[in-house]
Amino acid sequence: MDFLTLIQVLDSTVRMATPLLLACLAGLFSERAGIFDIGLEGKMLMAAFFSAAVAAVTGNVWLGLLAGIGASMLLSGLHGLASITFRGNQLISGVALNFLASGLTVLIAESWFRQGGRTPSLLTEGRFNGIELPFAIGPSEAEAAGRPLSELIGEANVIQQIWSELISGHSILVYVAALMVPLTWWVLFRTRFGLRLRAVGENPAAVDTAGVSVRGLRFAAIGIAGVLCGIAGAYLATGLQAGFVKEMTSGRGYIALAALIFAKWRPWHALGACLLFGLLQAVALRFQSIQLGGVSIPVQVMDALPYVLTVVILAGFVGKAIPPRAGGQPYVKER
Amino acid sequence: MTAPAIELKGISKAFGPVQANKDISISVQPGTIHGIIGENGAGKSTLMSILYGFYKADKGEIWIKGTKTEIPDSQAAIAAGIGMVFQHFKLVENFTVLENIVLGAEDSGLLMPSLSRARKELKELEEEYELYVDPDKRIDEIGVGMQQRVEILKALYRKAEILILDEPTGVLTPAEADQLFRILDRLRSEGKTIILITHKLREIMEYTDTVSVMRRGQMTATVKTAESSPEQLAELMVGRKVLLRVDKVPATPGKPILEIEKLSVVDSAGVQRVKDIDLTVRAGEILGIAGVAGNGQSELLEVLGGMRDGTGSIRINGQPLPLSGKGSDARARRHAGIAHVPEDRQREGLIMDFHAWENVAFGYHREDIYKKGLFLDNAALRADTEAKMEKFDVRPPNPWLAAKSFSGGNQQKIVVAREIERNPDLLLIGQPTRGVDIGAIEFIHQQIMELRDQGKAILLVSVELEEILSLSDRVAVMFDGKIMGERPADQTDEKELGLLMAGVAGEAA
C-alpha cells in the first residue's frame, strides 16, 4: 500500500467519522445531563430526510440543513416531553422515536416524491460541496492542467498530499464537526452551563437544592443534542451522499452510542473513538476483498467490522465505563 | 427585642388526605440554636421543605427578619438567607469540594473566575468559622464528616443567615458529631440562626436554646431547653409517658451458641469488608456490634444470615455451618435456628407491596402449620398473622394491608414478630429501631430483652451508640472490617467506644 492510498483511506475515514462524531457529541450532551438518548439514530434519519427533501425542492442546501435541524429538534422535544416532563422511561421513548423516524421518513418520501422512498438525487447546489483550502491542489487545478486530480496529488510532496487530500476538500460540516470537539470540551469543563450540566447528570438533587432548574438544564441538553443530530443527518444526505435513501443512517446512531461509551463520555476521547469506527468503515469501503495468506476474506466480513466492534465495546470488553450516575432516571423531588 | 430570624404563622400542608402540617406557628430568635424534635412522620421534614421552597404551604405565612416572604422555590429560599443541610447530602460525588460549593452560585458564564473567587472566600470562611476542608479534593475522597462541612460551607458561601440541619448526626461518629456542634456553636456566636431537626433527645438537651416538639403534624409545644427535661419532651413527642431506659437485669450467659472464627467477607467489587473476625455469642446474652455505618457490620450480618458468602468458620451450638455453596443460604440458616431481622426492613425484611399476612410467612412458608396438602393454608396464615399483630401491638391490626401502608415502627414490629416468634437459638438483629418512633422503640427493646432473658443468644448491630449501650451485655466495635475491641457494656462509655469507632485502637483490645 503506497502512501497516497493510506492518505486516501484516512481521508475517507474523516468523512465517515463526521456523522458519527456529531451524533456522539449529541449523545454526550444528553447523557452528561442524565438523559439516555437511544434515539440518536431516529433523529439523524429524520434530519437526513428533511434536509434532503427541502434541499431537493428549494435547491438550497442551507435551507435543507435548517429543516434537518428542525426535524431533529422536534424529535428531541418529544423525547424531552416523554422523559423529562412526564418522567417516562428514556429507553422506551428513544426506541419509539427510532421506529417513528424509520417509518415516517419512507412514508413521507413516497408520498412527496414517488421514487420508492427516496428523495430525488441532489444537484451541486443542493449539496454541501468540498471546500478547497488555500495552497491545496483541488479540482480547479486539475481542470487547469487538464489531468486527473489524483495524478496531480500523487506527484506532489508528502506535506502537500496530506494537506490537499486529507485536510482540504471536505464540506463545511466536516470542519464544523471537528470544531465541535474543543467547543464541547470548553463548554463542559470551562463554563457555568457545563458545570451545571455535568452536575445534573450526576446528582440532580444537588442542582435542584442549589436553586437551579433541573428541567431547564435537561431540556437545554437535549436541545443541543437535537441540533447536533440534525447536522449529522444533514451531512449524511447532503454531504456524504446526494439525497436520502431508506434507512440511510444504517445503525450510525447506535455506533455513536458505542463510541460514546468507549470514550467514557469525554469529548476528545469521543473524537478518537469515532475516528476508529470511521477508519473501519473506510477500510471496508476501500478494500472490498482482502487476500490474507491465500484466503480471500469476503466483503461482508469487512462491512460487518464496525458493527462487530460495536458489539465488542458494548459487551464491556474495553475497560469499565462508568456512566453519569443519574443517567436514565427521571428526577423526582423527594420529600 | 429584635425581630425573630424566622417566624412561621399558621402553616398548613396536606398531601391528599394526609395532613402533614396543621396550623404550625413558630418563632426563632436570631443567634440561637432552635431544636425541632418529633417522631418519624410528625411533619418536621415537610415543614422544613416548605421553608426551603420544595413545597408550597396550603395556608400560612413565612416572615423572615420581620418581613413577610414568599418562598416558591429553593432560589427564593437562598435569596432569603436560608441554607439547608439535608440528611442525605446533596453533593456531586465526582466534583471537587470547590465545584460543589460554586455550583448554582457562579458569578458569570465562565467558570474560572468564579472558582478562584470561591477559593479566596472559602479561605476566609475557613478562618472565620474554623471549617477546614481541602477545596481540591473530590467529594468521594473525603469522609462524611467532611462532606457535611462542605454542605455547611455551601450555605455560608450563599450568605445564609439561617442554617437548617436535618438529622445531622445520623452518619457521624461521636467525635465528628462533637466537632459539628463546636462548629454550630461558633456559628451561633457569630450571630447565625440554627434550626436543628433531630430525634435524638440528648442532642436537643445539650445543644439547643429552645426546642419545639412536633407530633402528628402539629406543634405540641415550644419550650426553653433549660426549663425542660428529656422525659417531658419524650412525653410531648409520643403523647404518653415513655420509658427512656431499658429495664435490664444482669445477664446470665450460658454455653456458646454462635462461635465465629477467622471470618472474612469479600464483596462483589473485590473489597474485603470483613477481616478475620473472631466472636462468640453465648446463650442469654446480647452482643452489640457498634461502629459507623459501612465498616463491615452489614456484611457480617448478611454472611451470618446466609445472604452472602464468606470464608473462615462459624458454629451454631457446636455444629459447623458452611459459609458458601450448598447449605449456606438463608433457608439453611433458619433451619439451624438462626432468625434474622435485617438492617433494611423495606428492602430485605419485607416485600412492600405484599399483604402483611404474606410477609409474616416469608422464610417460614414451608413450615407444616402453614401447609394444606400441596398448598399454603392461607386461612391459618392469616389467623397466625392476626395473633402476632395483637401480641406485638401492630397498628392497624389488619393482615390484608400492604406492608408499605404501615408506619416504619409497625413494619419493624411485623418483621420482629415473624423472626422472634420462631423461638430461635440465635437472633441476628440489625438497626432494630432505625426510623422507628419512640413508642415502638420501647416495645421492640423490651421484646429483645425478653428473648435474652429466655436464654437466647442475640447479636445486635446498630449505629446508635445509645441503643448499643442500653441493650448489650458486651460491646464489640467494628472499624474497617475488623473488631477494634470488645468491652463489657457496663465498663465502657460513649467516649471510649467513639474512639474505637474512629479506628483508634484501645489498650488491651
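Here are a few notes on a sheet and its helix in chain B, a buried glutamate in chain B, and a nonpolar patch on chain A.

1. Before anything else, keep in mind that this is a predicted model.

2. Start with the sheet in chain B. This is an open sheet of four strands, ordered 12-11-14-15, and the pairing is antiparallel. At its edges sit strand 12 (272–282) and strand 15 (319–321) of chain B, each of which pairs on one side only. On average, neighbouring strands here are turned by 20° against each other, if you ignore direction. As background, strands of a sheet pair through backbone hydrogen bonds, in either a parallel or an antiparallel way.

3. Now look at one pairing within that sheet. Strand 11 (residues 256–266) and strand 14 (residues 311–316) of chain B run antiparallel and are joined by five bridges.

4. After the helix comes B:Gly306, which has a positive phi, near 80°.

5. Another residue worth a look is B:Glu151, in helix 5 (residues 144–157) of chain B. B:Glu151 has a relative accessible area of 2%, and it counts as buried because that is under 20%. Which residues does B:Glu151 contact, leaving aside its neighbours within four places in sequence? They are B:Met84, B:Val85, B:Phe89, B:Lys90 and B:Leu91. Take B:Val85: it is 66 residues from B:Glu151 in sequence, yet their C-alpha atoms are 5.9 Å apart in space.

6. Over to chain A, where the surface carries a nonpolar patch with about 820 Å² of accessible area together. Among its members are A:Phe3, A:Leu10, A:Phe135, A:Ile162, A:Trp163 and A:Leu279. Helix 1 (3–32), helix 7 (158–167) and helix 13 (267–286) of chain A each supply at least two of the patch residues. Helix 7 of chain A gives the most, with four residues.

7. A:Trp163 is partly exposed, because its relative accessible area of 32% falls between the 20% and 50% cut-offs.

Methods
Residues are numbered from 1 along each chain as its sequence is written. Chains are lettered from A and ligands numbered from 1 in the order in which they are written. This is a predicted model: local features need pLDDT of at least 70, side-chain atom pairs count only at pLDDT 80 or more; totals for chains, interfaces and linings use all residues. Side-chain values use heavy atoms; hydrogens and water are left out. Two strands pair if DSSP finds at least two bridges between them. Axes are lines fitted to C-alpha atoms, for helices over the stretch in contact, and angles run from 0 to 180 degrees between N-to-C directions. Contact means heavy atoms within 4.5 Å. Patches are made of residues with over 30% relative accessible area and no salt bridge: like charges are joined within 9 Å, nonpolar side chains (Val, Leu, Ile, Met, Phe, Trp, Tyr) within 5 Å. Accessible areas come from the Shrake-Rupley method with a 1.4 Å probe; for residues, only the protein chains shown count as cover. A salt bridge is a side-chain nitrogen of Lys or Arg within 4 Å of a carboxyl oxygen of Asp or Glu. Buried means under 20% relative accessible area, exposed over 50%, partly exposed in between (1.4 Å probe, protein chains only).
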